[in-house]
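Work through the exercises below with the structure in view. Each task is followed by a solution in steps.

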Amino acid sequence: MLDADFFRRWMTAAAASVDREAQRLTDLDSPIGDADHGSNLQRGFTAVVAALEKEAPPTPGGVLTLAGHQLISTVGGASGPLYGTLLRRAGKALGDAAEVDTGQLAEALRAGVDGVMTLGGAAPGDKTMIDALLPAVDALGDGFAAARAAAEEGAVATIPLQARKGRASYLGARSIGHQDPGATSSALLIAALEDAAED
Ligand code: ADP
Ligand code: MG
Ligand code: MG
């Protein structure tokens, strides 16, 4: 079972991973965006970790809801409200249970991804974070390692796609041939589940 402490470790591991990979995320956002994805998420996840240390919500749902709120209020770019919605919706779906299982986490993340698709209007194949998140949620039933592999494959699979949502879509066919920064950071977020489980 996964308790609030697991979810805190997940967010802390995600923040550490974003810190390590910030330059790469910003570099990916340079040819098809405005070169700020790494710094956007660094700011957001730094705020998430600080808020979790200060408030320490007692439930998994509380941790994700607080984290989502921080991302929405600190990240100016498109990714803030989108990741914020992912985590807030997932947190809401988990309710006030003290512990949840992997199946409940998968269901909650599916609700979160649905929220992201509703907010941003992106479908699978539009070269966004959805292309990593959705395969990861589908694979979560097979464990965290399977979800990580699916997210990483989904991120790489955005390379030949043409962007249909977000800033990269302004480039039209010139967006082809570049990996989507948001799909890449989504793979980091999913990979952090494994780190949290190992700790
Ligand atoms: P901005 O584009 O405002 O500078 P970021 O650089 O932080 O924001 O985030 C860009 C990422 O956000 C993209 O790589 C893409 O994955 C994701 N994104 C942008 N718009 C959408 C959308 N409408 N739906 C889903 N994801 C989106
Ligand atoms: Mg950007
Ligand atoms: Mg920006």
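The model is predicted. The end C-alpha atoms of residues 5–195 are 13 Å apart, and this span is 69% helix and 1% strand. The UniProt record, an unreviewed entry, assigns "domain: DhaL" to residues 5–195.

**Exercise 1.** Describe how α6 and α7 are arranged.

Step 1. The axes of α6 (residues 130–139) and α7 (residues 144–156) come within 7 Å and cross at roughly 155°.
Step 2. Angles over 145 degrees count as roughly antiparallel, so α6 is roughly antiparallel to α7.
Step 3. The α6 and α7 crossing is right-handed.
Step 4. Residues of α6 in the contact include D131, A132 and P135; among those they meet in α7 are A146, A147 and A150.

**Exercise 2.** Locate A56 and K127, and classify each as buried, partly exposed or exposed.

Step 1. Most residues other than glycine have a negative phi. A56 has a positive phi of about 40°, and K127 one of about 65°.
Step 2. A56 is in the loop between α2 (37–55) and α3 (60–74); K127 is in the loop between α5 (102–120) and α6.
Step 3. A56 has 13 C-beta neighbours inside 10 Å and therefore counts as partly exposed.
Step 4. K127 has 28 other C-beta atoms within 10 Å; the cut-off for buried is 20 or more, so K127 is buried.

Methods. Residues are numbered from 1 along each chain as its sequence is written. Chains are lettered from A and ligands numbered from 1 in the order in which they are written. This is a predicted model: local features need pLDDT of at least 70, side-chain atom pairs count only at pLDDT 80 or more; totals for chains, interfaces and linings use all residues. UniProt positions are given in the numbering used here, feature names are shortened, and annotations may be inferred rather than shown by experiment. Helices (H or I, at least four residues) and strands (E, at least two) are DSSP runs, numbered from the N terminus. Axes are lines fitted to C-alpha atoms, for helices over the stretch in contact, and angles run from 0 to 180 degrees between N-to-C directions. Angles under 35 degrees count as roughly parallel, over 145 as roughly antiparallel, 65 to 115 as roughly perpendicular and the rest as oblique. A crossing is left-handed if the near helix is turned anticlockwise from the far one by less than a right angle, and right-handed if clockwise. Two residues are in contact if their C-beta atoms, placed from the backbone, lie within 7 Å. A residue is buried if 20 or more other C-beta atoms lie within 10 Å of its own, exposed if 12 or fewer, and partly exposed in between; C-beta atoms are placed from the backbone.
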